Amino acid sequence: LGKWFEIQKLPSAFQKGQCATSDYILQSPRVVRVLNRELLDDGTVRSAFGTVEVKDPAEPAKLEVTFSDVILLRGSYWLLSTDYDSYALVYSCKSYGLFHVELAWILSRQPTLPKDITEYLLSILSSIGVSVDKMVSTIQDEAYCSPMYQ
């Protein structure tokens with residue numbers, strides 16, 4: 001729960017900005033509300049509201065995520081690694097006929113994450129076959145991201 005900063009991600013068609021954050025608020029024992037925000041190139045802040053549900057309490061790291069304004073973001077997300085205090089690694093994949101889509105995010109409680117932790121999380125992604133060379137860093141510079149906090 002709380003605020004998480006995006007450190008790296010696999011590029012996607014629906015997420016084009018920088019300074020991305022996610023705020024998670026407990027709605028019920030198995031449902032969390034999420035607010036994702038990012039700063040677009042034109043200086044505007046885009047927001048997306050959604051829910052995160054644990055479908056099976058026996059597998060609490062497997063999450064069903066739904067965003068009411070973006071149908072493409074409905075899907076299963078796996079929390080592959082977290083220490084709950086400083087980092088989290090989220091992954092999703094889905095096939096659409098001939099197309100295979102992978103999504104991944106490295107998140108941190110702070111706008112930066114130590115290099116050794118980032119490398120550890122990238123190694124987890126690599127171990128499941130993700131092309132980590134496609135991961136891109138997210139700008140979280142305080143001055144650049146200032147429109148996010150106005």
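Predicted model: local features only at pLDDT ≥ 70, side-chain atom pairs only at ≥ 80, totals over all residues.
Residues are numbered from 1 along each chain as its sequence is written, and side-chain values use heavy atoms, with hydrogens and water left out.

The account begins with the nonpolar cores. A nonpolar core is a set of buried Ala, Val, Leu, Ile, Met, Phe, Trp, Tyr and Cys residues joined through side-chain atoms within 4.5 Å. Here buried means under 20% relative accessible area, exposed means over 50%, and partly exposed lies in between (1.4 Å probe, protein chains only). In soluble globular proteins, nonpolar side chains tend to be buried together. The largest nonpolar core contains 15 residues, and those with the most contacts inside it are Leu-89, Ala-104, Ile-106, Leu-113, Leu-121, Leu-125 and Met-135. Two or more residues of this core come from each of strand S7 (87-96), strand S8 (99-108) and helix H1 (115-127). H1 gives the most, with 5 residues. Helices (H or I, at least four residues) and strands (E, at least two) are DSSP runs, numbered from the N terminus. Another core, of 14 residues, lies apart from the largest one and includes Phe-14, Val-34, Phe-67 and Ala-88.

Leaving aside neighbours within four places in sequence, Leu-89 is in contact (heavy atoms within 4.5 Å) with Trp-78, Leu-79, Leu-80, Ser-81, Trp-105, Ile-106, Leu-121, Ile-124 and Leu-125. Val-132 belongs to the loop between H1 and strand S9 (136-137). Because its relative accessibility is 27%, Val-132 counts as partly exposed. Beyond four places in sequence, Val-132 is in contact with Leu-122, Leu-125 and Ser-126. Val-132 and Ala-104 are 28 residues apart in sequence, and their C-alpha atoms are 9.5 Å apart in space.

The next feature is the largest pocket. On a 1 Å grid over the protein atoms alone, a cavity is a set of points where a 1.4 Å probe fits but cannot get out, whereas a pocket is an open set with protein on both sides within 12 Å along at least five of seven lines; lining residues have an atom within 4 Å of a point. Grid points are joined across faces, edges and corners, and a volume is the space filled by probe spheres set on the points. The largest pocket has a volume of about 1100 Å³. Of its 41 lining residues, the closest to the centre are Tyr-24, Val-34, Val-52, Leu-63 and Val-90. The elements that give two or more residues to this lining are strand S1 (2-9), strand S2 (18-28), strand S3 (31-39), strand S4 (45-54), strand S5 (62-67), strand S6 (75-82), S7 and S8. S4 gives the most, with 6 residues. The lining divides into 26 nonpolar, 7 polar and 8 charged residues, where Ala, Val, Leu, Ile, Met, Phe, Trp, Tyr, Cys and Pro count as nonpolar, Asp, Glu, Lys and Arg as charged, and the others, Gly among them, as polar.

Gln-15 lies in the loop between S1 and S2 and counts as buried because its relative accessibility is 12%. The side chain of Gln-15 makes a polar contact of 2.5 Å with the side chain of Glu-6. A polar contact is a pair of N or O atoms within 3.5 Å; within protein, one must be able to donate a hydrogen and the other to accept it, and residues adjacent in sequence count only if both atoms are side-chain atoms. Gln-18 is placed in strand S2 and is buried, with a relative accessible area of 18%. Cys-19 is also in strand S2, is buried at 0% relative accessibility, and has a positive phi of about 60° although it is not a glycine.

Thr-82 lies in strand S6. The side chain of Thr-82 reaches the backbone nitrogen of Tyr-84 at 2.9 Å, and a polar atom of that side chain lies 2.6 Å from the backbone oxygen of Tyr-87. Tyr-84 is found in the loop between S6 and S7 and is exposed, with a relative accessible area of 60%. The phi of Tyr-84 is positive, near 70°, in a residue other than glycine.
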